[in-house]
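Dear colleague,

Please find the structure below, with the sequence. My notes on it follow.

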Amino acid sequence: MTQRTLLMMAVAQSLTLLCLYGILSASLVSTLLIASLWRWSRFQSQWQRPSLLLRLLLAIAGGAVIALQGTSFTTLEGMSGVLALAFALKSLELVSRRDAWVVGFCGLFVLSVSFLFSQSFLQVLLVTLAFMSWLAAFVSFEQGQSGSALQAYRTSAKLLGMSLPIMLLCYLFFPRLPPLWSMPMQRTGVTGISDTLSPGSIASLAQSSKLAFRAQFTGMPVPPPQQRYWRGLVLSRFDGTTWAQGPAAFRRLAIPLATVSQGSYEILMSPTEQSWLFVLEHSRLSRGDALPVADETWTSRERLDDLASFSFVQDERYQQTTLPDWQRQLDTYLPGNNAANSNPRLVAFGRQLAERYDSSQALINAVMQSYRQQPFYYTLTPPAYDNAPNGLDRFYFDERQGFCGHYASSLAVILRAAGLPSRVISGYQGGEWNAQGQFIEVRQSSAHAWVEVWIEYQGWRRLDPTAMVAPERINQDRNTLTDTENPPFASHLPFFLELQQQWSSWEFLWQQKVVNYEQASATQGLLQRLKQFTLPSTDQLARALLDLKPWLPLPLVLLLALGWLWQRRPRSEATMLNLLRERLSPTQTAIDNAQTPEQLRQQLLAAYPQLRADIQDFFSPLQQRLYQPEAAISSSLQPRFRRLYARLRRAKKSR
Amino acid sequence: MQLPGFLQRSLAARLAASGEVTLSHKRIFLLPSKAGWGFIVLLLLVFLLAVNFQNSMAYALCFWLACLFVAIILRTFSSLRGVQVRVVACQPCFAGDVAECQLHLRRSHSGRATRVETGWNQTDMTAAELLDESESQVSVYWQTRKRGHYHPGRLRLQSRYPSGLITAWTWIDFDWQGIAYPKPFSRGAQPLQASSGKSTSASAHTADTEFSHLRPYQPGDSLKRIHWPAYAREGELMSRHFGTPSQEPDWLSWEQFSGHEAETRLSLLCAEVLRLSTENRIFGLRLPGKVIDKAQGEGHRQHCLEALALFEADTSSDEPSAAPASSVWHGNTPAGGV
């Protein structure tokens, strides 16, 4: 293997390991990169493979790194880590061509495994790049001594480009098979809302800018920021600190499905490893594989290991108007006075309020006003109440620092003490409106908790005490509170903000149209549309063109790539002379008739006297370049040659 | 590689013998290489991954790998199609030595960059790179056994360019032949070293100390022989010629070595021809049924050696015992250049 080949393999392997960045821990990826670069740093084909003992030690050390990070080997992360480790260490054994193939194939497999964790546009780009590098390395094996790396990359890009159209057809029409066997692997490290809520539990999410889901509205108005409450879980069971879902037996409650609707919205969920969905109030499923749960929440029928989309309509016809006794009991339950976390001061405060106010509306107003009037302070890093006994008491009466979990918990406790059924809802609030893509993007930092209270003959009503304390947390499009604590670079520059939105809208289209593509229904839809095909009006065409706007840079990029691939390579002087020689006498090879350029010029002049000017135009700079290279003229020979050659061909035909 | 008889016949019909061959689709065979089979296994693994995890992009990658494989089949095929192969020469050598056969490869200008390997079997091939250049010369080496005409066997041309996953190959049956001179033995029946370039000039210089005449410089003349004063005077390169052209001529004859077997006699005569011509002497050769008149020089020497090589030679004698040259010779010019 040549040095060039080794260098190209090093590039490919580094790119492949980079594809795992963000999937495996950064420290593991860096370790693997260093291990593989150890081999490549030598850049020589004569490589004494490290002794068996050393290789074993390295493998054990790598395994220990994976285990020490708390990844179990049975999870998908653990298995992928082991695969990546084997892939990186295999390069230490690289001696023969066969080893190189094994490393290359391992690399391609690692690339496909990386898709299990991320199918984002960026990931696909990175994988494509790594794929091309591997193919170029394979080409380089075959090039021998005289090839160049650039030629190898170009050849591999051409091959990939040639196979791309058929690949797209396969992707569109190849039927998707059901899984052959189940893969019972767990994933770790997926962040998201958990099924219980203790006052401090949302703080870890608030720092994460990971995408939770996107929502797109069709035929219905986009709710303003202060109305964007995405309900996920209804938490009715309270033990003094932690809120949990009600008893399982009560949870599944069938609700009739709505069939007619004006507009709908689509939720594209990022993988969460759980199954609940986040929907607006009073939503009914209109498309997707989901089940209704009590209290107008929904769960996906399958665990969300991959992207999944669901459509909902908003429909207030089936609102709950009566509260069963079991539910009233559950929603007014508080731990007794003897419990460790009975929060006696809050309970006493609630009872006091109940005595003072007759109507529940007045009581609610008074409690909500208390959050505004007392010096409450919104912070993601409050003093630690969670482990202290009666933490909510301390929060509400002493410290008064906290975030949504604390406000919602304390409000629900006060209301329950006052005899009003109430519960905590966890989900997301807000989301960023993406104008380019016309969708709302909700990140983990928007995780939120609020309260619903039962008002007789009216139903459940939403109360958000956090809005009293930090209205900007609720009313603004972006989560400015986390931003001021850790302002991203882009927020200062409108251009970058716009670019970020543009990218985000591409990403949404990518996830929605490409990754989440459902072959069977799409083929059906296509057939339907072909059957009902009518020529579009100019108005429709114009609108379709506007829809294409976000994709405008794509053809430009494609054109550049094609130009690079099929650009004319400059011919060497010898090649040009050979071509002319061939034109004169097609049967003879260059070795048969070795001529000087001068002899060739004479022969050409004799054969094609009418092209005298062109022949001179080409030969005089050529001879100058060949025999007086120090006085080489700046003008290129290439266009002159092309002109002469084209005319020669035509002259041949006309004779 | 020995093929079964029926395949040999079918190949002979399909790939008829000729002097120049343009590789067309009829002659080219295609199969995945070992790495290609590995690639297919990888493809299946990625497919299983895609199906079991229901992963869209893994599906896409799997389809891309499959389509790439098809594209590579076509591309590998086109890297052999349209290549013209021609025998330049089969160099003469001494029996038992390795003969160099030169091939000229050329791709049409519309043809793609390629790298063609040539050889007698799959394990042992020499590569010619036609990446940027359109023509290339490559030598294959044939192990001769006996004196007389030798006919190198069917030649394998293969290309795995560009990816190495697919092998495209063809067998070419050139109607080529070269000549193997008898293996030279000196009088004491000692095998004479086949004269390498260095020893030739050394012996020529010691034997021919006497200056004879000047003649125009020819490529190949030793630099030591150039007569520099003449160059300074006339501006033309002249080389000094040594030797004893006026010495009395020698006759080499079949009867000279009576008592030896015929082949040994030929070997001894061969050694004598070599000795006399390096000493630049005038000599003639008398064989039963053939007499070569006295003369000197390179042409005369070849003439004599050919006469010895073909003396009562069975024309097809070399075929069955012939074998491909061992890999030791690859990439080197054999020392026994004649």
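In chain B, strand 6 and strand 10 pair in the antiparallel sense over three bridges. Strands here are DSSP E runs of at least two residues and helices are H or I runs of at least four, both numbered from the N terminus; two strands pair if DSSP finds at least two bridges between them.

Before going on, the conventions. This is a predicted model, in which local features need pLDDT of at least 70 and side-chain atom pairs count only at pLDDT 80 or more, while totals for chains, interfaces and linings use all residues. Residues are numbered from 1 along each chain as its sequence is written, chains are lettered from A and ligands numbered from 1 in the order in which they are written, and side-chain values use heavy atoms, with hydrogens and water left out.

Strand 10 and strand 11 of chain B form a hairpin with six residues between them, and G164(B) in the turn has a positive phi of about 85°.

Why is strand 10 (residues 155-159) of chain B described as largely enclosed by the rest of the structure? Because five of its five residues are buried, buried meaning under 20% relative accessible area, exposed over 50% and partly exposed in between (1.4 Å probe, protein chains only). In a regular strand the side chains alternate between the two faces of the sheet. In strand 10 of chain B, L155(B), L157(B) and S159(B) point one way, R156(B) and Q158(B) point the other way, and all are buried.

T114(B) lies in strand 6 (residues 114-121) of chain B. T114(B) counts as buried because its relative accessibility is 0%. A polar atom of its side chain lies 2.7 Å from the backbone oxygen of S79(B). Leaving aside neighbours within four places in sequence, T114(B) is in contact (heavy atoms within 4.5 Å) with residues including S79(B), R107(B), S159(B) and Y161(B).

**A second sheet in chain B**

Three strands of chain B form an open sheet of mixed pairing, in the order 4-12-9. Strand 4 (93-94) and strand 9 (148-150) stand at the edges with a single partner strand each, so one side of each is left without a neighbour in the sheet. Strand 4 and strand 12 (residues 178-181) of chain B run parallel and are joined by two bridges. F94(B) has Y181(B) in strand 12 as its bridge partner.

**Chain A**

Chain A has 25 helices and 16 strands. Of its 655 residues, 49% are buried. Among contacts in chain A with a separation of 6 or more, 73% are between residues 24 or more positions apart.

Strand 7 (residues 290-293) and strand 8 (residues 297-300) of chain A pair in the antiparallel sense over four bridges. A290(A) has S300(A) as its bridge partner in strand 8. The two strands form a hairpin with three residues between them, and D295(A) in the turn has a positive phi of about 65°.

Y333(A) lies in the loop between helix 10 (325-332) and helix 11 (344-356) of chain A. With a relative accessible area of 45%, Y333(A) is partly exposed. Apart from neighbours within four places in sequence, Y333(A) is in contact with F238(A) and R416(A). The C-alpha atoms of Y333(A) and S422(A) are separated by 9.4 Å, with the two residues 89 apart along the chain.

**Between chain A and chain B**

The contact takes 57 residues from chain A and 46 residues from chain B. The area buried between the two chains is about 4800 Å², and carbon and sulfur atoms give 69% of this. Buried area is the accessible area (1.4 Å probe) that two parts lose on being put together, summed over both. F105(A), E142(A) and M167(A) supply 13% of the area that chain A buries against chain B, more than any other three residues.

There are two salt bridges between chain A and chain B, a salt bridge being a side-chain nitrogen of Lys or Arg within 4 Å of a carboxyl oxygen of Asp or Glu. R160(B) forms a salt bridge with E142(A), and their closest N and O atoms are 3.5 Å apart. The largest share of the side of chain A that touches chain B comes from helix 7 of chain A, with eleven residues.

Regards

Conventions
Polar contact = N/O pair within 3.5 Å; in protein donor to acceptor, adjacent residues only side chain to side chain.
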